[in-house]
Amino acid sequence: LQPPPGVETWLFFDGVCNLCDGFVNFVYLGDTAGRVRFGALQKHGDLLRSRGAGRYAEGGEEALTTVVVIQGDAVHVRSTAALRVLAVMGQPWRALSVFSLLPLSLRDAAYEFVAAHRYAVF
């Protein structure tokens, strides 16, 4: 799940979502090597479009529905994006990327359930 050496990990998130902001703060504090870069989906539409992830930027058909992780030319969304970020963090958080072994449909169903209720709960 970790990118090759020299490949940056960019985490794009919904900048008005409290849960997303909390996740960004968690990653910032747990990324002891400083390998993750951050950007709000609302502010980086051009960059996301240039990387093939414009559908998740503000104004796209799936706007603000998921965190987006870009590693080199690869775009990851939903549970895979979250697990990719955990994989580049320090321990013990890196160990949580073992959940990538669960079926994608199960992981994304859980992700989408939380995402659908994030504004009401957080």
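**Entry 1: model.** I worked from a predicted model.

**Entry 2: hairpin.** I looked up how strand S3 (residues 68–71) is paired. I found strand S4 (residues 74–77) as its antiparallel partner, with 4 bridges between the two. I then traced valine 68 across the pairing and recorded valine 77 of S4 opposite. In the hairpin of S3 and S4, 2 residues stand between the strands. I noted that glycine 72 in this hairpin has a positive phi, near 65°.

**Entry 3: surface patch.** I turned next to the nonpolar surface and listed a patch of about 670 Å². I assigned Trp93, Leu96, Val98, Phe99, Leu101, Leu102 and Leu106 to this patch. I followed up one of these residues, leucine 96, and placed it in the loop that runs between helix H3 (78–88) and helix H4 (104–121).

**Entry 4: largest pocket.** I looked up the largest pocket and noted a volume of about 570 Å³. Its lining comprises 21 residues, and I listed Leu19, Phe23, Ala82, Tyr111 and Val114 as the closest to the pocket centre. I then checked which elements give two or more residues to this lining, and I recorded helix H1 (18–30), H3 and H4. Which element gives the most to the lining of the largest pocket? I found H4 to be that element, with 6 residues.

Conventions: Residues are numbered from 1 along each chain as its sequence is written. This is a predicted model: local features need pLDDT of at least 70, side-chain atom pairs count only at pLDDT 80 or more; totals for chains, interfaces and linings use all residues. Side-chain values use heavy atoms; hydrogens and water are left out. Two strands pair if DSSP finds at least two bridges between them. Patches are made of residues with over 30% relative accessible area and no salt bridge: like charges are joined within 9 Å, nonpolar side chains (Val, Leu, Ile, Met, Phe, Trp, Tyr) within 5 Å. Accessible areas come from the Shrake-Rupley method with a 1.4 Å probe; for residues, only the protein chains shown count as cover. A salt bridge is a side-chain nitrogen of Lys or Arg within 4 Å of a carboxyl oxygen of Asp or Glu. On a 1 Å grid over the protein atoms alone, a cavity is a set of points where a 1.4 Å probe fits but cannot get out, and a pocket is an open set with protein on both sides within 12 Å along at least five of seven lines; lining residues have an atom within 4 Å of a point. Grid points are joined across faces, edges and corners, and a volume is the space filled by probe spheres set on the points.
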